[in-house]
Amino acid sequence: LGASRGRIVAQLFLEMLLLSAAAACAALLLVQFVLARLQLFHDRANPFWLDLGVSPGSALYVGALAMLAGAIAGVVPAMQATGGLMQSGLRVRSGGGGPRLGKLWSAMIVAQIALAVVFIPLAVNLGWGMLRPSVVGPGFAVEDYMTARVQFFGPAAQFAQLQRDLVRGLEAEAGIAAVAVSQIVPGAEPTRQAFELEQIEGAAPVDGVPAPATSLAVIANRVGRGFFETFDVAVLAGRAFEADDFEHERNSVLINRTFAERFASWPGGPLGRRIRDRSTRSSESEAWYEIVGVVGDLPANDEAPRLYLPLAPGERSPLMLTFRINPGVSGTTDRLREIAASLHTRLLVDGVDPLEERYARFQEERMATVYALAIVTLSVVLLSAAGMYALMSFTVNQRRREIGLRSALGAQPLQLLAGTFRKPVRQIAAGAAVGLLAAYFAGGVIPIEDLGGRHVPGVLIVAALFILVVSVLAVAEPARRALRLAPTEALRDGG
């Protein structure tokens, strides 16, 4: 009709640009909502100048991605479609042919399905690892505990004496049953640190299982006297910390049950083995620590490998106090501040919260990550379904004449579906097979548990079946159109 090639390309580009711009705006709104939720959590602990909102640079970056998406989805196909003579294209269309699906399109469909099969198990394992603590519970009466942060602006030796006096003063209170000192509240430790296990030369495998690698990802915490007694954590093997262990020259550590069970193939067991911190390049990273005991998991819901080092009085500032309150007792917060103020004016006590509320905030932060995983997973599934729907719709439109001829010659519905969708079904099966194979190898390479996840039995097979069901549902509407296609209509459109 006289339209130039540039005008057709510009029109298709604008159409795709509008769609990609709408998607970009929706994504920015969603990201802003999630970051606003995270800001509420970080405001309690981070500096006031830390802003988690969407920056202008991020908005420009998303806009550039929208432009790129519009160019890829609009300009490239338009250039290909208008590359030849339009009259030639019309003759091809009238002859019942038309463009065919190339190898690149088939490869993209297979890769899309495979990516979904790989990503879903990873997302489920990570999500369950973050949700499990709230489902299982910490394993002790968390509502009976209070926490507080204590720091002193002065010499370490003076802080050591003030720390002892503060703990003795709290233990003397009738409403407080026990007091624990630690560098970090149990269950709130930062990401896992890299530790190195000392090798035993010539150690033979135990029951055919070789000794573990020297590099270990462990959650570490420093604890003071009475820590495990306060939380009623039992010593399962070896011994607990003794008074001499809190002196600087004694390098003793305890590990939890999960740590001991995960590396049960250690020759002779974990007791007596030596380990050192390799996460930093300080002098501490060169010091070897001897494992002297195994304690229960604390908290018992995440089952992460943990390592406890002794915390000498005055060694760290700030530190965390966790004290167990007797039932029906109130006013311990005010009493804690009174005791601290009576000891020294520079002994600061803040962040006094019930341990139950701290754990609830930790879980809210995990839930934000779970929501993000769910959104990304849903996007991957929808993309796979959209790709299969587009593939099937394209197949039906391009084979209308063939479907009409076969239907007029008496072909049954199942025969029509088998002939029309044989190649797309093979692509679905190939994508699922490639995804299963890739997910199997990814499970052995990606340290899910080190990232905070937890393996869910059978999730790989369920993910593959789920993608197959989604693909079948995606092709249901194109299949219904193919079966309802009247032979006369198909022949008239094709000829």
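Mentor: Happy to! Let's start with R335 and E173, whose side chains meet in a salt bridge at 2.7 Å, N to O; the term stands for a side-chain nitrogen of Lys or Arg within 4 Å of a carboxyl oxygen of Asp or Glu. This pair ties together distant parts of the chain, with R335 in helix α8 and E173 in the loop between α5 and β2, 162 residues apart. (Helices, H or I of at least four residues, and strands, E of at least two, are DSSP runs numbered from the N terminus.)

Before we go on, a word on what you are looking at. This is a predicted model, in which local features need pLDDT of at least 70 and side-chain atom pairs count only at pLDDT 80 or more, while totals for chains, interfaces and linings use all residues. Residues are numbered from 1 along each chain as its sequence is written, and side-chain values use heavy atoms, with hydrogens and water left out.

Back to the pair. R335 has a relative accessible area of 35%, so it is partly exposed, and E173 is partly exposed too, at 23%. On this scale, buried means under 20% relative accessible area, exposed means over 50%, and partly exposed lies in between (1.4 Å probe, protein chains only).

Next comes R324, which forms a salt bridge with D232, their closest N and O atoms being 3.2 Å apart. Here again distant parts of the chain are linked: R324 sits in strand β10 and D232 in the loop between α6 (227-230) and β5 (235-238), with 92 residues separating them. D232 counts as exposed because its relative accessible area is 60%. Shared partners also join E173, R335 and E338 into one network of salt bridges.

As background, most residues other than glycine have a negative phi, and most peptide bonds are trans. With that in mind, look at two cis bonds: one joins L298 and P299, with omega about -10 degrees, and another runs from S317 to P318, with omega near 5 degrees. P299 lies in the loop between β8 and β9 (306-310), while P318 belongs to the loop between β9 and β10.

A further pair is R149 with D350, where the closest N and O atoms are 2.8 Å apart. R149 is partly exposed because its relative accessibility is 34%. Over the whole structure, a search finds eleven salt bridges.

Several of these elements turn up again in the largest nonpolar core. It has 23 residues, and V150, L166, L170, L321, L336 and L347 have the most contacts inside it. (Such a core is a set of buried Ala, Val, Leu, Ile, Met, Phe, Trp, Tyr and Cys residues joined through side-chain atoms within 4.5 Å.) At least two core residues come from each of β1 (145-152), α5 (156-171), β2 (176-182), β10 (319-325), α8 (332-343) and β11 (347-354). The largest share, five residues, is supplied by α5.

For a helix with contrasting sides, turn to α13 (residues 459-474). Its 16 residues reach 22 Å from first C-alpha to last, close to the 22 Å expected at 1.5 Å a residue; the expected span is 1.5 Å times one less than the number of residues. V459, A463, A464, I467, V470, S471 and A474 are its buried residues.

Finally, a residue in a loop: A287 is placed between β7 (274-277) and β8 (289-295). A287 is partly exposed because its relative accessibility is 22%. Its C-alpha is separated by 7.6 Å from that of D277, ten residues away along the chain.
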